Amino acid sequence: VTGDNCKSTEYSKMKSMLLDLQNQKYITQENENPNGDDISRKKLLVDQMFKYFDADSNGLVDINELTQVIKQEELGKDLLDCTLYDLLKYDDFNDDKHLALEEFYRAFQIVEGSYNTCSLTTLQGKLENLFA
């Protein structure tokens, strides 16, 4: 389902484009440009995007919901070499085939620190230590 052509630079571009789309929606819905710093605004946009993607409101975004968004927004044709399915490929940290809000935050770098620099093994090691 995911293309092997989706390199990290293309993936970043796609995520920026998704944020831009969400931003345009937000401005037209609210008819205002809220004050506040970029980080809280970005978090707000990601929250809204997650709610929109999570059609059944169960707190998880799955492949069927991503398919719906692709169809509704007609995102198939202009996302370079990446698709929304690549969100599951790159940012489903616990490999449960769903994206939770926290994974969405990581994908859009809402959480402090950059998760892209540490490997998945390091991350899993840290998680195992937490629950040991």
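**Figure 1. Right-handed disulfide between cysteine 6 and cysteine 82.** The torsion about the S-S bond of this pair is about 95°, so the disulfide is right-handed. In this predicted model, the sulfur atoms of cysteine 6 and cysteine 82 lie 2.1 Å apart. A search of the whole structure finds one disulfide.

**Figure 2. The largest nonpolar core and the surroundings of phenylalanine 104.** This core has 27 residues, and those with the most contacts inside it are Phe53, Leu66, Leu84, Leu87, Phe104 and Phe108. At least two of its residues come from each of α1 (8–30), α2 (38–53), α3 (63–73), α4 (85–91) and α5 (101–107). When neighbours within four places in sequence are left aside, phenylalanine 104 is in contact with Val46, Met49, Phe50, Phe53, Leu87 and Leu99. In soluble globular proteins, nonpolar side chains tend to be buried together.

**Figure 3. Salt bridge between lysine 15 and aspartate 91.** The side chains of the two residues meet at an N to O distance of 3.8 Å.

**Figure 4. Salt bridge between lysine 13 and glutamate 10 within helix α1.** The closest N and O atoms of the pair are 3.5 Å apart. Three residues, about one turn of the helix, separate lysine 13 from glutamate 10 along α1. Lysine 13 counts as partly exposed because its relative accessibility is 47%. Glutamate 10, at 16% relative accessibility, counts as buried.

**Figure 5. Salt bridge between lysine 43 and aspartate 47 within helix α2.** The side chains of lysine 43 and aspartate 47 meet with an N to O distance of 3.4 Å. The two residues are four residues apart in the helix, about one turn. With a relative accessible area of 34%, lysine 43 is partly exposed.

**Figure 6. Polar contact between arginine 41 and asparagine 23.** Arginine 41 is placed in helix α2. Its relative accessible area is 13%, below the 20% limit, so arginine 41 is buried. The side chain of arginine 41 makes a polar contact of 2.2 Å with the side chain of asparagine 23.

Methods. Residues numbered from 1 in each chain as written. Predicted model: local features only at pLDDT ≥ 70, side-chain atom pairs only at ≥ 80, totals over all residues. Heavy atoms only, no water. Core = buried A, V, L, I, M, F, W, Y, C linked by side-chain atoms within 4.5 Å. Buried < 20%, exposed > 50% of the residue type's maximum accessible area, 1.4 Å probe, protein only. Contact = heavy atoms within 4.5 Å. Polar contact = N/O pair within 3.5 Å; in protein donor to acceptor, adjacent residues only side chain to side chain. Disulfide = S-S within 2.5 Å. Salt bridge = Lys/Arg side-chain N within 4 Å of Asp/Glu carboxyl O.
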